[in-house]
Amino acid sequence: MGILDETRFVERLSFFNGQRLFASDLQGIEAFHREMRWLHNRSLHQPGIGNGFAVTGNRDDREVRIGPGYAIDALGREIVLTRPAVEQVPPVAGESGGGPVFYDLAVSYPDDASLEAAETREGICLPRGAVRLREEPVLCWIRLKRAEDGLLQPADPTLRQQIQDGLRIVLARIEVLECKLRQPVSLSERRDARPSRQPYIACGERNLDGWDEVVTVLQGENDRFFVLSVTERVDTSAAGFLTTPFYSVRFSGTRMKLAEGDDPRYQIGDAAPNVLETRADGFTVNLLLTLIVLSDEAVDPVELFADWRVVWMGVE
């Protein structure tokens, strides 16, 4: 989602001497700076933990302790816990088969409707109203289940989608058996709001759509030589690169076919692929291949390359 998708224009409140101010005017100032700060957060950071939110708990404990911390969700909203908190371990005995139950501890930004009034004041000829609202983050346990691939995921599809969308931030994972921790708290599921400085690597492959050109270079008495050219546009958007990576490309396929008597039927050689028009979401590649037919039978050069694929790796 880009800034043009969300913001048509930016309006900054301005005042003049003698102007009558309303609560909405002053709240508009706060809303303006808050929205710009959230835009900054989601533009330069990813949903995750920025600082703190330490979670501790040992085997046989019946509660876990959460330290103060700062996190950012996918909307750029700051999730701030200013004082230590304690969460009781869910009171479950275990799974029906006798094994432990897995839970993720997640934190999220509170809804405006659920904010507690930290201070109220009497109005002038008007009812009493709130002047300070306390933003306490929402901590909750999310029960997990085994998926078909054996991985643990939230049993509630709504909560699962909120975690995937970055609206709930996972702080820790626990195993519960007989209403207490079976193992110490696991922190391996946490996600950092600051993108890693280590290289990001992704790879993939795809079948060729077809050959652009087939040229017969030489046809001798026993051997036939062909040169085939292909130019492919490869989509890498699924890798999620943020900037244009360095692409390494090769082609994979059957390079030699044996006929009866183990005599080669044909042999294929290829030159180094020429990578063009690289972008974060894909690249264009051109390849020249040589085909040497060593038998007398008729061959279709294009058919021989039907199983060839583009194999790529991107390093960002």
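**Entry 1: D73**

I started with D73, and I find it buried, with a relative accessible area of 1%. Buried here stands for under 20% relative accessible area, exposed for over 50%, and partly exposed for what lies in between, with a 1.4 Å probe and protein chains only. A note to myself: this is a predicted model, where local features need pLDDT of at least 70 and side-chain atom pairs count only at pLDDT 80 or more, while totals for chains, interfaces and linings use all residues. Residues are numbered from 1 along each chain as its sequence is written, and side-chain values use heavy atoms, with hydrogens and water left out.

Where does D73 sit? I located D73 in the loop between β4 (69-72) and β5 (78-81). Strands are DSSP runs of E with at least two residues, helices are runs of H or I with at least four, and both are numbered from the N terminus. The side chain of D73 reaches the backbone nitrogen of L75 at 3.0 Å. Leaving out residues up to four places away in sequence, I listed what D73 touches (heavy atoms within 4.5 Å): P47, I79, Y109, G166, L167 and I169.

**Entry 2**

Next I looked at three strands that form an open sheet, ordered β2-β3-β6, with antiparallel pairing. Two strands pair if DSSP finds at least two bridges between them. β2 (55-56) and β6 (85-88) are at the edges with a single partner strand each, so one side of each has no neighbour in the sheet. β2 pairs with β3 (residues 63-66) over two bridges, and I noted R65 in β3 as the bridge partner of T56.

**Entry 3: the cores**

Which residues have the most contacts inside the largest nonpolar core? They are F53, V55, V64, I66, L171 and I174, in a core of 26 residues. Such a core is a set of buried Ala, Val, Leu, Ile, Met, Phe, Trp, Tyr and Cys residues joined through side-chain atoms within 4.5 Å. β12 (168-177) is one of the strands that supply at least two residues, and β12 gives the largest share, five residues.

I then picked V64: among the residues it touches, not counting those up to four places away in sequence, are V55, A85, L105, W141 and I174. A second, separate core has 21 residues, including A202, F226, F241 and L289.

**Entry 4: the whole protein**

I finished with totals: there are four helices and 22 strands, and buried residues make up 32% of the 316 residues.

Technical notes: A polar contact is a pair of N or O atoms within 3.5 Å; within protein, one must be able to donate a hydrogen and the other to accept it, and residues adjacent in sequence count only if both atoms are side-chain atoms.
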